[in-house]
Each structure stands twice: as structure tokens, then as C-alpha cells.
Amino acid sequence: MESKGLSRNNRENKPKPKRKEIIEKRKAMDALIKVASAEKDYLSAFPAFRHYQISGLSAFLESGRGDKLSSPVKQFIQNLLKANMEGPYGSEWPAEEKVKRREMVAPEARYVFVRNASNASSGEFLTTSEREKTSASCVEERGPIVGFVHFRFVIEEELPVLYVYELQLEPRVQGKGLGKFLMQLIELIACKNHMGAVVLTVQKANSAAMNFYLCKMRYVTSTISPSRVDPLIGIEKSYEILCKTFSNEAKAILEEPLELVHSV
């Protein structure tokens, strides 16, 4: 999802940092973003997340990037986005679909793909050694993709954050804990790369997604979300911006208490 943060004009009255400090801080953030984006395999640091298995589902995860997508994968992404998001977007979908097609192949787009491991036992858990053998064979066979996360490392409100643009799963693998598993991985990737928060945008009409992030994943409505910037603006907008922060600085900026928002 395209970053839609709305900056507030009024913040707490604090001494403005000197120009040199601003430049140095920006350089440091740019360096963090560059290093994080340069990683070729985001799963290498978290081998336990390469495989996901419960009764009825065995899947393997792999990394990808927007400028390296094959034509079949592009088509899969487009089809799944339309199937899952045309309803929540309603009349906005035709325009939003064009935006998503551009975002999908951007050089800065990073992916975690979920592939169905059709050759694994779907009725029983595998032992560790069996899982490793199955994982190796699956990489070679490259089973069909059944879902993906599209994310980017960006600067939001002068903070380095991991922004989740999309989390999409085929209906047949939904409700099996896979979404939570993927978001836990995303949060680990964010922390490993010293991001201040994970940020994402959710359509208000997508009640299942709102409930998933707010209740199951314990995200909160960010201060940069339209409804927190200005309630009147929030009514007009069809989305909310949610976040989970990992530092005091990020918490103060992105999760600032409502009473502080309206008192300045």
C-alpha cells in the first residue's frame, strides 16, 4: 500500500535541532535504509521461518524483490490483489489497482513469498530432519505461490521504518495462522535492521484485516493516520495507518497518546 502518512503541523514545542544534527541524523537513517534494502535473503537470519506447517498446510518461504519478478509471479500478484482487495476498495479499486501495479515492480519493493509444499505430508508434522530434506527439495521444485508480503524500508516522520505495503493470502490458506506467522517474521526483520517500527495501511472496509492487526497482532492506530491527525479528515478517508513501535523515540512519534495530540 502506498505510504499515506499525514504529518501534523503542530507538535510539542521542542528546541529545533541544529542543521548539522539534522544532516547527520538523515545520513544515518539513509545508511540504515540502504543496508536493510541490500539484503538478498531476509530469511537467512531466521531459518525457523523458512517452513510453516500445521495440519492441512505445509509451506515454504522465500525472499524476492520487485525488479526481479517473473511474468507469472507478476500475474499471480495482480490476480490475488484483485480477488482480495476489489471488495474493500469498492469504487476506488480501478485507480488503486494501477497504483499497486506500479508499486509491485518498484526496485525498492521487497517480498517474502509463500509457496505450497505439495510434496510434504499434509496430515502430520515432520521431524526436524524430514523437514530439512523436504525444504531442500521444495526449493528445487518451487511449488505454487499461495501468498506474499510486500514491504519496504522507508523513512516516515523522520524515522526509519519497515512499511508493509501488502499482506495477501489465497483464501484456501487463510485462517491457518499463516498471516500471524508472516507478520512475526516481518517484525523480526524490522528489528534486525534497526527499524523504529512496522507501519501499514488498512482499508476501513476490510474489517477482518482491521481486527487481525489491532486485536491479534496488537498494532495501534498511528498518529499519522487521518483519524488521529484530524477527526474530520479521518471521516473522509477510507483507510487507517497502523503501527507497532520498537523504540521510545518511535513510540513518542508514532503512538503519541491522543490527549497529547489534541492539546498542542
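**A first walk through the model**

Modeller: Gladly; keep in mind that this is a predicted model. Of the 264 residues in the protein, 48% are buried.

Colleague: How many helices and strands are there?

Modeller: The protein has 10 helices and 8 strands. If you take the contacts between residues at least 6 apart in sequence, 73% of them join residues at least 24 apart.

Colleague: And what about the accessible surface, how much of it belongs to carbon and sulfur atoms?

Modeller: Carbon and sulfur atoms account for 53% of an accessible surface of about 13900 Å².

Colleague: Let's go inside. Which residues of the largest nonpolar core touch the most other members?

Modeller: That core has 40 residues, and the ones touching the most other members are Phe151, Phe153, Leu162, Leu178, Leu182, Met183 and Tyr213. At least two residues of this core come from each of α1 (19–38), β2 (57–65), β3 (110–116), β4 (145–156), β5, α5, β6 and α6. The element that gives the most is α5, with 8 residues.

Colleague: Pick Leu178 from that list; what is it in contact with?

Modeller: If its neighbours within four places in sequence are left aside, Leu178 is in contact with Tyr52, Leu57, Val114, Leu169 and Val173. There is also a second, separate core of 15 residues, and its members include Ile77, Tyr89, Met104 and Phe113.

Colleague: Change of topic: how much space lies in the second largest pocket?

Modeller: The second largest pocket holds about 710 Å³ of space. Its lining is made up of 30 residues, and those nearest the centre are Leu167, Ala208, Ala209, Phe212 and Tyr213.

Colleague: Now single residues. Where is Trp93, and is it buried or exposed?

Modeller: Trp93 is in helix α3, which covers residues 93–104, and it counts as buried because its relative accessibility is 3%, where buried means under 20%. Not counting residues up to four places away in sequence, Trp93 touches Leu81, Lys82, Met85, Glu86 and Lys100. Lys82 is 11 residues from Trp93 along the chain, and their C-alpha atoms are separated by 8.4 Å.

Colleague: What about Lys176, where does it lie?

Modeller: Lys176 lies in the loop between β5 and α5 and is partly exposed, with a relative accessible area of 26%. Leaving out residues up to four places away in sequence, Lys176 touches Tyr52, Ile54 and Leu57. Tyr52 and Leu57 are also among the contacts of Leu178. The C-alpha atoms of Lys176 and Gly56 are separated by 8.8 Å, although the two residues are 120 apart along the chain.

Colleague: And which residues is Ile155 in contact with?

Modeller: Neighbours within four places in sequence aside, Ile155 is in contact with Arg26, Met29, Asp30, Ile33 and Pro160. Ile155 lies in strand β4 and is partly exposed, with a relative accessible area of 24%. Its C-alpha atom is separated by 9.3 Å from that of Met195, a residue 40 places away along the chain.

Colleague: One more thing, about backbone angles: what is phi of Glu158, and where does that residue lie?

Modeller: Phi of Glu158 is near 60°, which is a positive value in a residue other than glycine. Glu158 lies in the loop between β4 and β5 and is partly exposed, at a relative accessible area of 42%.

Colleague: And what is phi of His194?

Modeller: For His194, phi is near 60°, again a positive value in a residue other than glycine. His194 has its place in the loop between α5 and β6, and it counts as exposed because its relative accessibility is 57%, where exposed means over 50%.

Conventions:
Residues numbered from 1 in each chain as written. Predicted model: local features only at pLDDT ≥ 70, side-chain atom pairs only at ≥ 80, totals over all residues. Heavy atoms only, no water. 1 Å grid on protein atoms, 1.4 Å probe; cavity = no way out; pocket = protein on both sides within 12 Å on 5 of 7 lines; lining within 4 Å. Points joined across faces, edges and corners; volume = space filled by probe spheres on them. Helix = DSSP H or I, 4+ residues; strand = E, 2+ residues; numbered from the N terminus. Buried < 20%, exposed > 50% of the residue type's maximum accessible area, 1.4 Å probe, protein only. Contact = heavy atoms within 4.5 Å. Areas by Shrake-Rupley, 256 points an atom, 1.4 Å probe, with all protein chains shown as cover. Core = buried A, V, L, I, M, F, W, Y, C linked by side-chain atoms within 4.5 Å.
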